[in-house]
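Please keep the sequence and the coordinates in view while reading.

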Amino acid sequence: MADVFISYSSKDSELARWLHDRLTELQITTFLAELSLAGGSDWKPAILENLRSSTFVLFLATPHSCASDAVKHEIGGALVLQKTFIPIMAGVRAKDLPAWVQDKQAVDIYDGAQTRGVFENIARAVTSKRFIAGLIVGVLVAGAVYLLAK
């Protein structure tokens, strides 16, 4: 499953793919519906499962996505699931974001340093999570080997 779920309007596909590519370059697994779903798949359950299993949700906030009912549902799910939620603004200002998102610190996609900082923070968190998971697996394997040797 993906570390990051990108919530976006399909009308902003090119910009969403750009976000996906930058995160992928940092070794971050990313769910972007148009790239992550196979043709013919039952997309609603797949989107919900990926939203549920991701750690971070990036909301690509554009005029199109702020008006999209599907995006609003994804954002509502992310907030209910208490995901780390980051609005990435493109062509909108913080005051233009949906009211229930305005208390989240938004990032302007056109501020390269700010966007890069968010991506690097996500990469650090993901790497740390993977390291801890690796340690846990290592301890479990060592415990199993110890028990089998007895």
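Met 89 stands opposite Asp 108 in strand 5. Strand 5 comprises residues 107-108 and pairs with strand 4 in the parallel sense over two bridges; two strands count as paired if DSSP finds at least two bridges between them. Strands here are DSSP runs of E with at least two residues, helices are runs of H or I with at least four residues, and both are numbered from the N terminus. The model is predicted, so local features need pLDDT of at least 70 and side-chain atom pairs count only at pLDDT 80 or more, while totals for chains, interfaces and linings use all residues. Residues are numbered from 1 along each chain as its sequence is written, and side-chain values use heavy atoms, with hydrogens and water left out.

Strand 4 also runs parallel to strand 3, to which six bridges join it. Here Phe 59 stands opposite Pro 87 of strand 4. Because five of its six residues are buried, strand 4 is largely enclosed by the rest of the structure. Buried denotes under 20% relative accessible area, exposed over 50%, and partly exposed the range in between (1.4 Å probe, protein chains only).

Of its 39 residues, Val 4, Leu 58, Phe 59, Leu 60, Ile 86, Leu 97 and Ile 122 touch the most other members. Leaving aside neighbours within four places in sequence, the contacts of Leu 58 (heavy atoms within 4.5 Å) include Val 4, Leu 23, Ile 86, Phe 119 and Ile 122.

Leu 23 belongs to helix 1, where Ser 13, Ala 16, Leu 19 and His 20 are likewise buried. Seen down the helix axis, these buried residues fall within an arc of 120 degrees, so they line one face of helix 1; the arc is that of the directions from the axis to the C-beta atoms. On the other side of helix 1, Glu 14 and Glu 25 are exposed. An α-helix has 3.6 residues a turn, so residues three or four places apart point the same way.

In helix 3, the buried residues are Ile 47, Asn 50 and Leu 51. They fall within an arc of 100 degrees about the axis of helix 3, so they line one face of the helix. These residues pack against strand 1, strand 2, helix 2, strand 3 and helix 5.

Technical notes. Core = buried A, V, L, I, M, F, W, Y, C linked by side-chain atoms within 4.5 Å.
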